[in-house]
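Good morning, and thank you for joining. I shall ask you to look at the sequence and the structure on the screen while I go through a few local features.

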Amino acid sequence: MNIHEYQAKELLAAQGIPVPMGEVATTPEQAEQIARTLGGAVVVKAQVHTGGRGKAGGVKLANTPEEAREKAQAILGMDIKGLTVEKVLIAPAEDIASEAYVGIIMDRASKAPVWMVSAAGGIDIEEVAHTDPDKITKLPVDTRYGFLPHQAYFLATKLYSDVKQQRAAAKILQQLYTAFVEAGASLAEINPLITTPDGTVKAIDAKFNIDDNELFRRPAIEALRDESSEDPAEVTAREANLTFIKLDGDVGCVVNGAGLAMATMDLVKYYGGEPANFLDIGGSSNPEKVVNALKIITGDENVKAILFNIFGGITRTDDVANGIVTATKMIDIKVPIVIRLTGTNEEIAVKILADAGFTAMTDMDEAVKKAVALAKGEAQ
Ligand code: GDP
Ligand code: MN
């Protein structure tokens, strides 16, 4: 789950990290009002679930409340990497002497949280990672001991030469680690971590990704979810209890079981196609899930063919068949459907489908090949 910058900043502030806080506006008038209350120059910042807002024109300084209104007017409704800006954060503007990057990610290869810090922070950090990887210091954390004070100091020395700033940064790193662990995050970063001309160290941008599997025991974090900023298909899928990930291909996949879903995507690729999604309808027998799955998949205009791959164990294939028949009556499906099912109640399922004018296949390779060909317009 992604959260907005203003929410991430609240997580940082709760740990005591110095963060210039602001307020969120949804209209230019509110933005002006907030700027007036804050007094002085402000920065108007698009709140969308993506980075690179600065480069896209989604972060603008304003010297007066009127200017804050104008900048908010320009940013609200703006499209940033396919996301529409619905909210802006109005925060006190800071004078910046230096910009550093500090971030911690859950790293699969290291099987541990890994720190990445760089004195060369700011909007070009991705560029630095490519062209100048030596400017980034990495450090894994052994979770048996936690993040130790000497490690925090070591990283801080990579950011600043001034001892006071090193101390301030070491403290911020430890606070950020606590925020990362407590939020169940897979990523927590501050970019930039700035110094001001008087030498103060502060966080002026923050990003957290929350591990979805940590949410069930963190209602306060789950409450930060902003569905209006999420992919509508993924919201529908979550509400319907389906595991769905949208991809860029054209073969829509409806599969039961995560392992079979992965294998299905592999096979689609193997036969020269591109899956449009990962979708696991789960192990239970519930025709409604099929209806929801088809609604989600047909909502994606890239989809040129739909492939069902059902292995009936606990799942009864006749339930899936009923789901397909019900769903195709409810939804006007314009693309061809290929159905492969095998296992529990297979004979009943095949009959249900045949009565409704569908053909069911049992061979997975054949079904995938056919779906790929149909998506390419190469088969009938
Ligand atoms: P991002 O582009 O989405 O990462 O958004 P950031 O909040 O990191 O802002 C991008 C850049 O805008 C920062 O790296 C700063 O250089 C600049 N910026 C952001 N806030 C302020 C501010 O309060 N004062 C000044 N002078 N620059 C700012
Ligand atoms: Mn940033």
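Gly-357 is exposed, its relative accessible area being 63%; exposed here stands for over 50% relative accessible area, buried for under 20%, and partly exposed for what lies in between, with a 1.4 Å probe and protein chains only. You will find Gly-357 in the loop between helix 12 (346–355) and strand 18 (360–361). Helices (H or I, at least four residues) and strands (E, at least two) are DSSP runs, numbered from the N terminus. Between the C-alpha atoms of Gly-357 and Val-325 there are 9.3 Å, while 32 residues separate the two along the chain.

A word on the basis of these values. This is a predicted model, in which local features need pLDDT of at least 70 and side-chain atom pairs count only at pLDDT 80 or more, whereas totals for chains, interfaces and linings use all residues. Residues are numbered from 1 along each chain as its sequence is written, chains are lettered from A and ligands numbered from 1 in the order in which they are written, and side-chain values use heavy atoms, with hydrogens and water left out.

Let us turn to Lys-87, which sits in the loop between strand 5 and strand 6. Is this residue, Lys-87, buried or exposed? Lys-87 is buried, at a relative accessible area of 18%. Its side chain meets that of Asp-226 in a salt bridge, at 3.3 Å from N to O; a salt bridge requires a side-chain nitrogen of Lys or Arg within 4 Å of a carboxyl oxygen of Asp or Glu. Distant parts of the chain are linked by this pair, as Asp-226 lies in the loop between helix 7 (219–222) and helix 8, 139 residues apart from Lys-87. Asp-226 is buried as well. The side chain of Lys-87 also makes a polar contact of 3.5 Å with the side chain of Tyr-6. A polar contact is a pair of N or O atoms within 3.5 Å; within protein, one must be able to donate a hydrogen and the other to accept it, and residues adjacent in sequence count only if both atoms are side-chain atoms.

The salt bridges number 26 by this rule. One of them pairs Arg-69 with Glu-32, with 2.7 Å between the closest N and O atoms. Arg-69 belongs to helix 3 (residues 65–75) and Glu-32 to helix 2 (residues 28–38), so the pair ties together parts that are 37 residues apart in sequence. Arg-69 counts as partly exposed, at 29% relative accessibility, and Glu-32 as buried, at 12%. Another joins Arg-238 to Glu-230, the closest N and O atoms being 3.0 Å apart. Here Arg-238 is partly exposed at 31%, while Glu-230 is buried at 17%. Through shared partners, salt bridges also join Glu-5, Lys-9, Lys-45, Arg-53 and Asp-205 into one network.

Finally, the ligand. Which residues come nearest to ligand 1? Of the 17 residues around it, these are Lys-45, Arg-53, Gly-54, Glu-94 and Glu-99, where around means that a heavy atom of the residue lies within 4 Å. Oxygen atoms of ligand 1 lie 2.5 Å from a polar side-chain atom of Lys-45, 2.7 Å from a backbone N or O atom of Gly-54 and 2.6 Å from a polar side-chain atom of Glu-99. On its own, ligand 1 has 560 Å² of accessible area, and the protein covers 83% of that, by the Shrake-Rupley method with a 1.4 Å probe.
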